[in-house]
Amino acid sequence: MRIEFHGAAGGEVTGSCHLIEAAGKRILFDCGMVQGGHEADVRNAEPFAFDPACIDALVVSHAHIDHIGRVPLLVKRGFKGPIYAQAATCDLFPIMLLDAASLSEHSAERENRERAPGQPEVEPLYTAADVTAAQRQLHPLPYETDTDILPGLTLRLHEAGHILGSAMLELRADGRSMLFTGDVGMRGTPILRDPAPAPRTDLILMESTYGDRNHKDRAATVAELGQILAAARADGGNVVIPAFAVGRSQELLYWFAEHFEDWNLAPWTIFLDSPMAAKVMAVYDKHEELFDAEAAAVWRGRIKPFHLPNLRAGASVEDSKAINRIHGGAIIIAGSGMANGGRVRHHLANNLAFARNHVIFVGYQAAGTLGRLLVNGVKHVRMYGEDIPVRANIHTVGGLSAHADQQGLLEWYGASPNHPPVALAHGENPAREALAALLKQRFGTTVTLSQPGMRLEV
């Protein structure tokens, strides 16, 4: 068994893509988009480092775009094999990718309108038809069940606790085994069950997004969120929350339901300005069997997360534009979570210049994104042809992260039966170097820092 790294390696977090050769077959783990930076669009359109037609199967860890965003392109360029994923991930797959296709198609249309005479037309990365073609290759799988995906290859999915349907991928072949963690969630994350323990295996391909830091205590984080909303209410402005359509948006509504009265949320109007997030809520409702016990109790409560009395969900384009005419009393949850695209950019453009407003970042902000710039304290941003001063209050609420922090990763690995060798991916260099040092120090682990194109024998 051998791994070849083609994405989220060499100090990058996004663009997950790992090629495994075993039992005479070639299996791809994830096929995600690169996010952040000016070169992301160019890199996503580049040829794959392998022939898509020679891949025998694709296994997807979860439905975030940095893990599935290039799947339709893989199919478009010749991949014809099965795509395996947990059942909820299969339901989220078209929601996420049809949105990505729409953004790509609109971007291409805009560029073509502005191109100079004689310039070739720009093509979208892929279209809705490509997403539909990829969807036909999906094969939903349950957790904790062995599946022979190809002759001599057995796959088992374990709960990752990151978003609904997220899975750790255990592959066994040729008398060897490996585990790809995908993204590992925090223990105690609302709605989701905790990450499953690692099985006995010969190698763990492990994420390291927060390998150099720990999150704030979750209870303290939730209290901080309530305090920010109280301050925003006193200031009389709006609150803008960039949030991913899958996971973070639903978690925020969960906390709003649980604290609806003690946070005095009734006077606010809460906008979930994301048609995609509204569709995702229906997938959550379909898969309540994946909820933890606490979430099941909240869903039975008087105030339900997806049916708050002052919630306005799934706004049309016209409704979204109307939100920008509201100058106070609105909580606006919109994508994208890193503010590098989507409707949230319009809301930021309309709210950043005013000191009465508050912006709350509740997830990881990749290098090169607008979110990272704002978190780092930039004083002006260029948006829609205008130079906008940043006078709004910028908050980072790190304890709501869907990724395990350094301590969480160490505790999860420390409980593994045999402390196998580790290959670290999905982390910027300071994060994975810090985690590697601690793994070696505490457990005597052999650690490899993945690099693009590197091959590693299991």
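Mentor: Let's start with Arg70, which lies over the face of Phe48, 4.2 Å from the ring centre. A charge counts as over a ring if NZ of Lys or CZ of Arg is within 6 Å of the ring centre and within 35 degrees of the ring normal. This is a predicted model, where local features need pLDDT of at least 70, side-chain atom pairs count only at pLDDT 80 or more, and totals for chains, interfaces and linings use all residues. Residues are numbered from 1 along each chain as its sequence is written, and side-chain values use heavy atoms, with hydrogens and water left out.

Trainee: Which ring does the charged end of Arg233 sit over?

Mentor: Here the distance to the ring centre is 5.5 Å. The ring under Arg233 belongs to Trp268.

Trainee: How many aromatic pairs does the structure hold?

Mentor: Rings of Phe, Tyr and Trp (its six-membered ring) pair if their centres lie within 6.5 Å; planes under 30 degrees apart are stacked, over 60 edge-to-face and the rest tilted. By that rule, the structure's count of aromatic pairs is ten.

Trainee: Which residues join Tyr284 in a cluster?

Mentor: Ring pairs make the links in this cluster. Tyr284 is joined there by Phe291, Trp299 and Phe306.
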